[in-house]
Amino acid sequence: MDSLITHSPALIVALPLLAAFAIPLINRAGPRVRDIFNLVIFGFIAFLVAILAVDVYSVGIHVYTFGATAAELALPGGYTVPVRIMFEVDGMSIFMGIIITTVTLAALIYSLQFLKGRTGQARFYSLMMLLYAGMMGLAFTGDMFNLFVFLEIASIAGAGLAAYRTNMADAIEGGFKYIVISAVSALLVLFAIGILYAQYNVLSIAALAHYMQYTTLDMMALGLLGGAFVMKLAGVPLHMWAPDTYTVAPAGTTPMILAASYTAMYALYRMTFSLYGGHIDTTAIGWIVIIVGVLSMFIGVMMAVHQTDIKRMMAYHAISQGGYMLLGLGVGLAVIADPVALANYGRDAMNGGIFHIINHVFYKALLFMTAEAIFFRIGIRDTNKMGGLARNMKWTTAFYIIGALAISGIPPLNGFASKLLIYESVLRFNPVLSVIAMFVSLVTLASFAKVFYSAFTGPPMPAYKEVKEVPKSMIIGMSILAVLIIFFGLFPGLIVNTIVAPATEALINQASYINAVMGALP
Amino acid sequence: MSVVDYGYAVWAPLIWIIALVVIGVMVLIWRSRGQKSYKKGTAQTDIFLSGAKVPPEEERHVKSENIYWGFFESLKELYGAMMRPHTGIVNDYLLWFVGVLAVTVAILVLAG
């Protein structure tokens, strides 16, 4: 068991990578064998994530060095800088790991019957595993170059999945836009890495943070990294690709592409907190993050309420909800250099922002799945042509209500718990920001009420009288997320103390991230 | 486990649910004391549109695009300004990217 825990970071990335290439071969034995293989391998990966999480929460940062005589040996004998490829899993990394794994598990189960009868299923599952490996690698990596590599893996797999339904012209367009913005973003990440490597001759994030001189070139690199990750996480005004891509991606994978966007948000946090830390003007950077957050919240929700395409509406809400996370973290970053403000409300704002990531991924994944459940049965996304679906799709309606109430911040669901943390703490920083956040929640509720009325209520439409509920595997996939939403809503204290607070601590405590690799070096 | 307490605010969902159930029971009791002469399926429940002909059931559903019409009408200018950059053309997305990068790098270099 100890050996399994030690090697779990490598296995969590290597197994889905191998599975991705094995799936086309296993598919030759039949779809049933392939589905069982997918579930068994992913069940084992989820188990590995669970034991790694227990290890990180009980022991501390888990460093895994590839090719070292002992996996935790970050510095080879006689060296003062790490030279090997390395994973560094702290509270924030494993928090992302839990999110990504849960969403992928729900998506995998949901897709079993969603894809029934479609062509190219083996490729679909291969890309799904690749996307998972890319996201987990990005969350775990301890060096800059592999951050770029995993970003590329996730981007290519995500674009392939977005364009999976090649019979739909807009799917190909959505996939194309995703790969264009991803490739340009990744290129700038690589350019920024080049700037840092040219100055310090190291790629390890911890070593770079240790030796960072905060030169003008370093600040330019931060600007490039920040811009690239804001583009990937669809922050306003770089959000325009997201509705085009999220709308067309198949049901199970939309939540995964959404999770990939939040992995980019994770990378942004890793850069600003762990790499650059508290030695730069964090107030200025914090305010940049806050402004992007507020713009995302407001423009996202105002565009969402205007939409008549159900998935496009949800995509704009994803942009809007991302704004809450940026707002919480931005406030934390703005006051990180002020210990009193950080203790009074900065840490709570960060807790709220981080808690909102997991809450949002769960309820937005559920909402995307309900939208695709409707598309699965009636073949349209236009809410103008919908009506009375609650009569025949009772489970889907119930899941939609749970997701809609959660995203609107209605108590006692999970969205309320994290939004309350953000409202209360941001109010102490700047009341205007808190009022904007509350207004956005109100418009969110109005937007989801509009879709609920037009799609689910009303008289039975003659065209949809024979519509049936979706198959069981799709219901199970949605149930997993619905149960988690309710559980997180009822026990927010448990979630905040167990997984959110360690993630916040991991970001704030830059020294422990550096020391886990660099030890007591001068 | 359930309570989030961070000094200046507390959120206890289980207490909130208990309060909601109590209020729900009170509402039901109040409702049970209401008018009992309501007869389902009679002329009492027919739709009355000031004497105009009531359209068939499937035509009565208000379309999504008509909901909140007044809200969108009053914010027409704001929506016009917000919609303009959403061209759907990937070249425009990248132009925004270049612009935002230039501003971000300039701010960071000046503030750094």
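Modeller: The crossing of α13(A) and α15(A) is left-handed. Keep in mind that this is a predicted model. Helix α13 covers residues 339–378 of chain A. It packs against α15(A) at an angle of about 155 degrees, and the two axes lie 8 Å apart. Angles over 145 degrees count as roughly antiparallel. Therefore α13(A) and α15(A) are roughly antiparallel to each other.

Helix α10 runs over residues 253–275 of chain A. The axes of α10(A) and α13(A) come within 9 Å and cross at roughly 155 degrees. So α10(A) and α13(A) are also roughly antiparallel to each other. Their crossing is right-handed, whereas that of α13(A) and α15(A) is left-handed. On α10(A), the contact uses A:T254, A:P255, A:L258, A:A259 and A:Y262. On α13(A), it uses A:I357, A:V361, A:K364, A:A365 and A:F368. The classes here are eight nonpolar, one polar and one charged.

Next, step back to chain A as a whole. It holds 19 helices and two strands. Its radius of gyration is 22 Å, close to the 24 Å that the globule rule gives for 522 residues, so chain A is as compact as a globular protein of that length. Its C-alpha trace spans about 75 × 60 × 40 Å along the principal axes. Of its 522 residues, 62% are buried. Consider also the contacts in chain A with a separation of 6 or more. Among these, 80% join residues 24 or more positions apart.

Helix α15(A) leads us on to chain B. It is one of the elements that give two or more residues to the side of chain A that touches chain B, and there it spans 414–429. The others are α6 (169–200), α8 (216–232), α9 (241–248), α11 (282–306), α16 (431–456), α17 (472–490) and α18 (492–508) of chain A. The largest share, nine residues, comes from α8(A). Overall, 54 residues of chain A are in contact with 41 residues of chain B. The chain A side of this meeting divides into 35 nonpolar, 13 polar and six charged residues.

What does chain B itself look like? It has four helices and two strands. From the N terminus on, they run β-β-α-α-α-α. The radius of gyration of chain B is 28 Å, while a compact globule of 112 residues would have one near 13 Å. The C-alpha trace of chain B spans about 75 × 55 × 25 Å along its principal axes. Of its 112 residues, 8% count as buried.

To sum up the part you asked about: α13(A) is roughly antiparallel to α15(A), and α10(A) and α13(A) are roughly antiparallel as well. Helix α15(A) also gives residues to the side that touches chain B.

Note on methods
Residues numbered from 1 in each chain as written. Chains lettered and ligands numbered in written order. Predicted model: local features only at pLDDT ≥ 70, side-chain atom pairs only at ≥ 80, totals over all residues. Contact = placed C-beta atoms within 7 Å. Nonpolar A, V, L, I, M, F, W, Y, C, P; charged D, E, K, R; others polar. Rg over C-alpha atoms; globule rule 2.2 N^0.38 Å. Buried ≥ 20, exposed ≤ 12 C-beta atoms within 10 Å, placed from the backbone. Axes fitted to C-alpha atoms, helices over the stretch in contact; angles between N-to-C directions. Parallel < 35°, antiparallel > 145°, perpendicular 65-115°, else oblique. Left-handed = near helix turned anticlockwise from the far one by under 90°.
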